[in-house]
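Colleague: Before we look at details, could you take me through this model, one question at a time?

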Amino acid sequence: MAVRCRRGLEAILAEELATLDKGSPGGALVPELRSDPCGGTRVEVMLSGRLDVLFGARTMLSIALPLPLRKLDPGADLAAAVAERLLSRESLEILRRFTLGAIRYRIDWAGGGKRRAAVFRAAAAVEAGAPELVNDPTQSTWDVVVYEGAGRVRVELAPRLPDPRFAYRRGDVPAASHPTIAAALARIAGVRADDVVWDPFVGSGLELCERALLGPYRRLVGSDRDPRALEIARENLDAAGARDAELLQRDAYGGPPPGDAPTLILTNPPLGRRVERTGDLDALLDRFVEGAARALAPGGRLVWISPFPERTEAVARRSGLRPEALQRVDLGGFDAQIQSFHKAAVQPQASLDRGDGRRGDRLDRPLPGRAGRGPQQAELRGEQHRPRRQEERHEHRDDHPKPPRPIGGWVAGHAVEPAEGRRRRRG
Ligand SMILES: C[S@@+](CC[C@H](N)C(=O)[O-])C[C@H]1O[C@@H](n2cnc3c(N)ncnc32)[C@H](O)[C@@H]1O
């Protein structure tokens with residue numbers, strides 16, 4: 001199977017896939033990262049169990065069965081090549097074996113565009129070779145996805161299946177997170193059973209829903225200045241089974257909610273694309289990062305999406321947060337960066353001497369656990385899983401000589417391609 005995700009999430013997807021299908025006759029999935037000019041970046045797995053096992057991967061966008069590559073000579077008709085692939089033995093075997101009822105398909109060009117004439121020619125050739133294959137863009141049971149590049153054509157058969165993963169979404173807000181991005185943020189943050197999680201820009205609540213589904217927590221708190229968003233978040237969180245989540249109307253820049261300091265601030269803030277087009281968003285997000293650094297309990301984490309990566313990373317460092325993972329991601333036509341920052345478990349001596357006693361910088365209640373860095377997260381970054389004692393020594397350092405890693409690096413023995421377009425600027 002070729003499994004795809006938003007660009008930048010490949011390593012997280014691979015890590016998720018590796019946890020699936022452990023009980024099947026073939027054993028756990030062994031994801032392999034692939035990237036080539038004809039087929040883009042994807043994670044490939046050999047699946048021996050049920051197809052719906054793949055819905056366990058919450059960062060996945062699509063699944064498809066790839067057909068063998070076909071050479072495409074210069075000037076050759078792409079439509080004829082697509083028809084030839086669809087009529088191949090492998091294709092017919094897949095379509096006949098896995099379709100209930102009529103085999104209806106639509107052709108999707110991965111490079112974009114409708115290319116109606118090419119679709120027409122391909123469909124006519126397919127009909128001539130196998131009349132049971134019906135080109136029906138409105139009621140298709142299969143998407144036939146066509147990739148071309150480097151003198152080759154690659155055809156993938158993507159079954160159109162009902163996706164149960166995000167059924168909790170009862171409502172939406174403008175600029176709601178894409179659920180696979182929310183799932184990635186929650187996964188990067190990791191699970192600590194004692195987590196006090198705060199999403200200060202909660203919107204429709206997808207980050208909190210995904211965090212709730214991932215594992216236990218002590219408190220889930222979402223806040224937003226828009227009461228309508230809070231109503232929608234309530235519906236979504238209830239549907240996700242997080243009825244205990246607390247929702248408050250408040251300004252994100254006005255400090256954390258009352259009660260215990262958050263151990264995890266997990267959020268997708270306004271990114272300046274569809275809403276919140278004010279010119280001072282960068283300065284506001286600087287303030288937000290400074291506030292988050294103050295609000296977090298010692299050992300806490302801020303995991304969020306930044307539209308101004310270099311700037312917010314610098315503010316975070318100045319505010320005493322250590323970058324743990326930085327990964328550029330495609331948010332649907334523009335890039336931003338997932339940033340994971342950790343606050344030292346014990347405050348460095350220099351700031352103790354300042355005696356500023358800020359909320360969240362409490363020294364009286366060191367957190368149990370490994371400051372949110374489970375073995376899974378360490379593995380995701382290709383690190384060795386360090387024992388706690390050594391980790392704590394590292395947390396005590398004032399300087400942070402090791403640069404943060406991009407998420408991924410080395411997963412299941414395969415190098416992860418860096419996200420494309422690293423230098424692309426926001427529009
Ligand atoms: C990008 S959306 C959040 C998307 C959310 N993660 C979701 O899943 O729907 C940003 C949210 O921040 C809220 N917001 C913007 N500025 C705010 C502020 N100063 N304080 C609190 N909420 C704010 C907006 O009302 C909006 O709901």
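Colleague: In which loop is Ala175 found?

Modeller: Bear in mind that this is a predicted model. Ala175 is partly exposed, because 18 other C-beta atoms lie within 10 Å, and its phi is near 65°, a positive value in a residue other than glycine. As to its place in the chain, Ala175 is found in the loop between β9 (152–159) and α5.

Colleague: Which value is phi of Arg115 near?

Modeller: Most residues other than glycine have a negative phi. Arg115 lies in the loop between β6 (103–109) and α4 (116–129), and with 16 C-beta neighbours inside 10 Å it counts as partly exposed. Its phi is positive although the residue is not glycine, with a value near 45°.

Colleague: Which residues of α5 and of α6 make the contact, and how do they divide by class?

Modeller: On the α5 side the contact is made by Pro179, Ala182, Ala183, Leu185, Ala186, Arg187 and Ala189, and on the α6 side by Leu206, Glu207, Glu210, Arg211 and Leu214. By class, these residues of the contact of α5 with α6 divide into eight nonpolar, no polar and four charged.

Colleague: Which elements are included in what covers the buried residues of α6?

Modeller: Helix α6 (residues 206–214) is mostly covered, since seven of its nine residues are buried. The buried residues are Leu206, Glu207, Leu208, Cys209, Glu210, Arg211 and Ala212. What covers them includes α5 (179–189), β10 (196–199), β11 (219–224), α7 (227–239) and β13 (264–267).

Colleague: How many of the residues of helix α1 are buried?

Modeller: In α1, the buried residues are Glu10, Ala11, Ile12, Leu13, Ala14, Glu15, Glu16 and Leu17. Helix α1 (residues 10–17) is largely enclosed by the rest of the structure, because the number of its residues that are buried is eight of eight.

Colleague: How do α8 and α9 lie, roughly parallel or oblique to each other?

Modeller: Helix α8 (residues 281–295) packs with helix α9 (residues 309–318) at an angle of about 30°, with their axes 9 Å apart, and the crossing of the two is right-handed. Asp282, Leu285, Asp286, Val289, Glu290 and Ala293 of α8 and Arg311, Thr312, Val315 and Ala316 of α9 make the contact, which by class has five nonpolar, one polar and four charged residues. Angles under 35 degrees count as roughly parallel. With an angle of about 30°, α8 and α9 are therefore roughly parallel.

Colleague: Is Ser91 buried or exposed?

Modeller: Ser91 is found in helix α3 (residues 89–98), and, leaving aside its neighbours within four places in sequence, it is in contact with Leu67, Arg85, Leu86 and Leu157. Ser91 and Glu156 are 65 residues apart in sequence and 9.2 Å apart in space, C-alpha to C-alpha. With 22 C-beta neighbours inside 10 Å, Ser91 counts as buried.

Colleague: And Asp52, is that residue buried or exposed?

Modeller: Asp52 lies in the loop between β3 (40–44) and β4 (62–66). Asp52 and Pro162 are 110 residues apart in sequence, and 9.9 Å separates them in space, C-alpha to C-alpha. Because Asp52 has 12 C-beta neighbours inside 10 Å, it counts as exposed.

Colleague: What percentage of the residues of the protein chain count as buried?

Modeller: The secondary structure of the protein chain comes to twelve helices and 19 strands. Of the contacts in the protein chain with a separation of 6 or more, 75% are accounted for by residues 24 or more positions apart. Of the 427 residues of the protein chain, the share that counts as buried is 42%.

Key. Residues numbered from 1 in each chain as written. Predicted model: local features only at pLDDT ≥ 70, side-chain atom pairs only at ≥ 80, totals over all residues. Axes fitted to C-alpha atoms, helices over the stretch in contact; angles between N-to-C directions. Helix = DSSP H or I, 4+ residues; strand = E, 2+ residues; numbered from the N terminus. Parallel < 35°, antiparallel > 145°, perpendicular 65-115°, else oblique. Left-handed = near helix turned anticlockwise from the far one by under 90°. Contact = placed C-beta atoms within 7 Å. Nonpolar A, V, L, I, M, F, W, Y, C, P; charged D, E, K, R; others polar. Buried ≥ 20, exposed ≤ 12 C-beta atoms within 10 Å, placed from the backbone.
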